[in-house]
Amino acid sequence: MLTREGRVAVQPGHRFHVGEQFRTLLAVSVMKLVEEGRLGLDDPLAAYLPGSVSAGTAVTIRQLLGDVADLPAGLAASERAPGAPGPDALLGLVVEQLRGVPLGTVLRTDVLTPLNLRSTELLDAHSAIPDDLVHGYVQLEGETMDVTRTGLQDGIANGGLVSTVEDISAFHTALLRGELVQPASLIAMKGTVFDDYGLGLDHWDDRCTNGSYYGHAGDVPGYGSIAMSSADGNRQLSIFMAYPPQAVSTQPSALALEMTGVAQVALNAGCRFQFR
């Protein structure tokens with residue numbers, strides 16, 4: 001097992017928790033339901049999950065899939081509140097209800113099996129920890145704690161998705177080349193050039209094309225990641241990290257912000273090259 005005590009060198013094919021990158025895969029499954037006419041982006045969440053939000057709070061599927069910062073304060077904050085369902089968990093429940101199967105099965109059908117992504121899976125509290133999963137640690141009351149199982153309580157929390165650099169890179173390539181959703185869905189996921197965030201896709205300035213890079217960052221206790229690709233999927237960079245043990249915080253890790261900056265600078269500096 002890839003623990004601190006094992007002292008085994010991490011290899012490119014080892015798996016990590018990818019945190020909020022789960023949102024982009026979830027967005028694909030949501031958009032497929034939209035394409036089938038079974039779900040509307042502007043439908044209220046309460047139409048599918050009655051009682052899931054406070055009375056008088058009109059939250060739509062589009063809002064849940066968009067920038068968390070634009071949600072009502074209570075719902076946005078619940079993303080990190082223990083036991084409280086955040087936006088991703090609520091969307092996952094909607095997808096499960098409409099498909100009639102667990103979310104992990106939906107992701108396999110919509111994304112993982114078509115792309116042959118064998119190293120990506122959604123773990124839950126009953127899953128065995130894979131031997132090739134790099135363990136993550138935090139500092140809690142002066143003690144170093146293994147948090148590899150953090151976020152696995154229901155299999156929907158974004159802490160449950162594990163993957164490799166190769167799988168995540170292949171996923172973003174396929175998505176941006178139109179292999180997973182219809183053109184209109186991909187346009188909606190990207191958002192407009194004036195948005196800070198689309199629907200499950202973040203974007204950054206691509207100085208090589210005067211366009212945008214697309215992808216997502218992941219930041220959960222013990223782990224950080226970034227996946228960033230050019231609009232055509234030809235230039236991309238993915239970085240996964242198990243953080244040095246640090247105090248748990250509700251704020252994004254400084255290392256996560258640094259990884260995002262490094263990825264953007266590297267891609268902008270290599271306009272003629274393809275990174276993976």
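This is a predicted model: local features need pLDDT of at least 70, side-chain atom pairs count only at pLDDT 80 or more; totals for chains, interfaces and linings use all residues.

User: Great. How many residues does helix α1 have, and what span does it reach?

Analyst: Helix α1 covers residues 22–35, which makes 14 residues. From first C-alpha to last it reaches 20 Å, close to the 20 Å expected at 1.5 Å a residue.

User: Is α1 largely enclosed or open to the outside?

Analyst: Largely enclosed by the rest of the structure, because twelve of its 14 residues are buried.

User: Which residues of α1 are the buried ones?

Analyst: They are Phe22, Arg23, Thr24, Leu25, Leu26, Ala27, Val28, Ser29, Val30, Met31, Lys32 and Leu33. Note that Arg23 and Lys32 are on that list.

User: And what happens just after α1?

Analyst: Gly37 sits there with a positive phi of about 75°.

User: How do the axes of α1 and α6 cross?

Analyst: At roughly 40°, with the axes coming within 11 Å. Helix α6 spans residues 165–176, and α1 passes α6 in a left-handed crossing. On the α1 side the contact is made by Thr24, Leu25 and Val28, and on the α6 side by Phe171, His172 and Leu175.

User: Thr24 and Val28 are both in that contact. Why would residues four places apart point the same way?

Analyst: An α-helix has 3.6 residues a turn, so residues three or four places apart point the same way.

User: Nice. Switching to strands: what is the order in the open sheet of three strands?

Analyst: The order is β1-β5-β2, and the pairing is antiparallel. The edge strands are β1 (16–17) and β2 (121–122), each pairing on one side only.

User: How many bridges join β2 to β5?

Analyst: Two, and these strands run antiparallel, with β5 at residues 161–163. Leu122 stands opposite Leu161 there.

User: What about β3 and β4, how are they joined?

Analyst: Four bridges join β3 (residues 137–140) to β4 (residues 143–146), again in antiparallel fashion. Tyr137, for instance, has Asp146 of β4 as its bridge partner. The hairpin has two residues between the strands, and Glu141 takes a positive phi near 50° in it.

User: Is Asn210 buried or exposed?

Analyst: Asn210 counts as exposed because its relative accessibility is 73%.

User: Last topic: where is Thr260 found?

Analyst: In helix α8, residues 254–269. Thr260 is buried, with a relative accessible area of 15%.

User: What lies 3.1 Å from a polar atom of the Thr260 side chain?

Analyst: The backbone oxygen of Ala256.

User: Leaving aside neighbours within four places in sequence, which residues is Thr260 in contact with?

Analyst: Trp204, Ala217, Ile226 and Met228. Trp204 falls within β6 (202–206), and Ala217 falls within β7 (211–220).

Key. Residues are numbered from 1 along each chain as its sequence is written. Side-chain values use heavy atoms; hydrogens and water are left out. Two strands pair if DSSP finds at least two bridges between them. The expected span of a helix is 1.5 Å times one less than its number of residues. Buried means under 20% relative accessible area, exposed over 50%, partly exposed in between (1.4 Å probe, protein chains only). A polar contact is a pair of N or O atoms within 3.5 Å; within protein, one must be able to donate a hydrogen and the other to accept it, and residues adjacent in sequence count only if both atoms are side-chain atoms. Contact means heavy atoms within 4.5 Å. Axes are lines fitted to C-alpha atoms, for helices over the stretch in contact, and angles run from 0 to 180 degrees between N-to-C directions. A crossing is left-handed if the near helix is turned anticlockwise from the far one by less than a right angle, and right-handed if clockwise.
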